[in-house]
Amino acid sequence: MLTYLRRSAAQVVFVLLGIALINFFLLHLAPGDAAQVLAGESGAATPEYMEALRRQFGLDQPLYVQFLRYLGNLVTFDLGYSFRQSLPVSELILQRLPATLLLMGTAIGFALVAGCSLGFLAARRAGKLTDTVISIVALLFYATPVFWVGIMLIVVFSVMLDWLPVGGMTSVEANLSGLALVGDVALHLVLPAVTLGLFYLAIYARLMRAAMLEVYGQDFVRTARAKGVRPRRIAWRHVLRNALLPIVTTLGVQLGSILGGAVLVETVFSWPGLGRLAFAALFQRDLNLLLGILFCSSVVVVLVNIAVDLVYTLLDPRIELN
Amino acid sequence: MSHAVPNEPVLAVDGLSIGFQTRRGLLPAVRELSFSVRSGEMLAIVGESGCGKSLTALALLGLIPPPGRVTGGTVRLEGRDLLALDEAALRRVRGARIAMIFQEPMTALNPVLTVGEQIMEAILEHEPVSRKAARKRTLALLERVRIPDPERRFAEYPHRLSGGMRQRVMIAMALAGAPAVLVADEPTTALDVTIQAQILSLIDELRREQGTAVVFITHDLGVVSRYVDRVLVMYAGRKVEERDTRDLFADPLHPYTRGLIAAQPRAGAGAAGAVRERLAEIPGTVPALAAMPAGCAFAPRCPLADERCVQAVPPPRRAGSGLVACHHAGETHAL
Ligand SMILES: Nc1ncnc2c1ncn2[C@@H]1O[C@H](COP(=O)(O)OP(=O)(O)OP(=O)(O)O)[C@@H](O)[C@H]1O
Ligand code: SF4
Ligand SMILES: [Mg+2]
């Protein structure tokens, strides 16, 4: 166990270093820098003024110096200063991170539970009507663009039925606290989480069905039948346990793309998360902020991946932690 | 209920036919197979790969995978026709009155469940006993099949066990319900020779002690000849000869049986001791299901084949202690 943790720690450091490097250079390849943006906005873009701005923010230093400084700062979670927002980047990120994590976590939870249940049901009724209906619905969710689903859900559940709020994370008017606040946030969470989760729900439903059917064809299922084990127990105890393994693997692979999807959903639902912050940073060429967000997302993805790995090793006794 | 009438067979298969439903119609894979086994008796079913041995075994438990299906005949277990039972009733018989051991001990056990749970399950799914009692019985079973340190093995996952140990676990699992019939489908083929012998003598010992009838499927006559009472030789889905083991080896009647016996590697009789010499192999291969000859299926490979063999399927005839299906049974060829 200890060696396992040590090895994953080494992996984390290595991966994060790589990500920091890639992020940094990718963004420097893009034309324009923060000085240009700031200068452009203030309307006084004289070369002298630009020069002064660049010197002030260290943008005149060679790239490797900028990068080394960036790395040094990362270690202390000093992600620099956002010129556009006039706040430290780390502060901006910490403000927004919980909302994004809440949205992602809920969406993944919803997609996993609902998707796996549907896939499980479809596999147990393979070839029957239930299976066909589930497969068609999953295909529909899979093929529909996320933003369109979001807008449709808003139109139906917020505008037409008026059951759920249109956007945001809390009701502005009410000054809620405690349990009432939790309830209010939960209500606001439903539509964005469902929107973000539907696509992954479709993926898990299809994957679960395929995995279950494959496991059903394996020798040990025949052994269980030959023992006289009830079909229900075969499904839950023998097949499901094994079919979960590919699901967990896929979950790890998809985390990055779920984060990407969050940007879109946060924009549609004005959810005050990292995604919208990144969106703004991108358009404002807020280099420090964008680098900070990318780095933090990488940290989240890497950490959750390690957690997923751990879950996998718990599910599959063939993998031993050393 | 298992030992009610001592001379009645516990398992009686009569006219069993199995086929595969394909787009071009029904492909028969096993045809009109009949045999029976008594309590404590061990019957070997022998034949080359693809002759329908596994299908027959699976049919005994109602486990033939689609598109295969039983197309005729009866399988009577302790007087009850299994093929007439519905799935729920059949499930209560499987693992309780008839159990099966498979060829591949590596894949036949669930990799994510402990050995103990998989054996216990065979008890708990059939009997209203507590988990504690089931656990105790499982430990006794593990000891019974001579797995050292049962307490530890109970909590272990299959990947930690060797092939031989896994096969012992399979046997323990099969014995959990004290079945009247044990079907073993090539249980030793995947194991090395010493382990093969151990597993075989374990099965032999258990059937002697508990009076279990054993149907032992193999393609290797030599391995089982010491243990089995009777041998049923299959060729291309049909029974071609069935005799007491001693008679079969002393005087094989069917040309295919002779070929099989001749093809067995034997310990050399000379002073050199363990010289193994390989005798005649049977030339040719088993015909495909879709290209079965109209007459005797063995005719294309048979040294005695003549006009009659090509035209008519030889019917089974009495021959001493058993049966043989050959137009020229017992004849030696003139060459
Ligand atoms: N799905 C299928 N469709 C058509 N034919 C099949 C199918 N599955 C098996 N068969 C055929 O059924 C026949 C009997 O197969 P079976 O597994 O019973 O042979 P076997 O005697 O057990 O051989 P082995 O020694 O290799 O285990 C074979 O000829 C095989 O080709
Ligand atoms: S019936 Fe004819 S072809 Fe078939 S085994 Fe006998 S002699 Fe050979
Ligand atoms: Mg077989």
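Student: How many nonpolar, polar and charged residues does the shell around ligand 1 have?

Tutor: Start with the classes: Ala, Val, Leu, Ile, Met, Phe, Trp, Tyr, Cys and Pro count as nonpolar, Asp, Glu, Lys and Arg as charged, and the others, Gly among them, as polar. Here the shell holds five nonpolar, four polar and three charged residues. Keep in mind that this is a predicted model, where local features need pLDDT of at least 70, side-chain atom pairs count only at pLDDT 80 or more, and totals for chains, interfaces and linings use all residues. Residues are numbered from 1 along each chain as written, chains are lettered from A and ligands numbered from 1 in written order, and side-chain values use heavy atoms, leaving out hydrogens and water.

Student: Which residues surround ligand 1?

Tutor: A residue is near a molecule if one of its heavy atoms lies within 4 Å of it. Among those around ligand 1 are B:Phe20, B:Lys53, B:Glu186 and B:Leu289. Helix H1 of chain B (residues 53–60) gives the largest share, three residues; helices here are DSSP runs of H or I with at least four residues, strands are E runs of at least two, and both are numbered from the N terminus.

Student: Which side chain has a polar atom 2.4 Å from an oxygen atom of ligand 1?

Tutor: We look for polar contacts, pairs of N or O atoms within 3.5 Å. That side chain belongs to B:Ser49. B:Ser54 also uses its side chain, at 2.7 Å from a ligand 1 oxygen, while B:Leu55 brings a backbone N or O atom to 2.9 Å from one. Overall, the protein covers 64% of the 640 Å² of accessible area that ligand 1 has on its own (Shrake-Rupley method, 1.4 Å probe).

Student: What about ligand 2: which residues come nearest?

Tutor: Of 13 residues around ligand 2, the nearest are B:Cys296, B:Cys302, B:Cys309, B:Cys326 and B:His327. By class, that shell has 10 nonpolar, three polar and no charged residues.

Student: Where does pLDDT stay under 50 in chain B?

Tutor: pLDDT is the predictor's confidence in each residue, from 0 to 100. Chain B averages 87, with 92% of its residues at 70 or more, but residues 267–279 stay under 50. That stretch has 15 contacts (heavy atoms within 4.5 Å) beyond four places in sequence. Where pLDDT is low, the predicted coordinates should not be read in detail.

Methods
A polar contact is a pair of N or O atoms within 3.5 Å; within protein, one must be able to donate a hydrogen and the other to accept it, and residues adjacent in sequence count only if both atoms are side-chain atoms.
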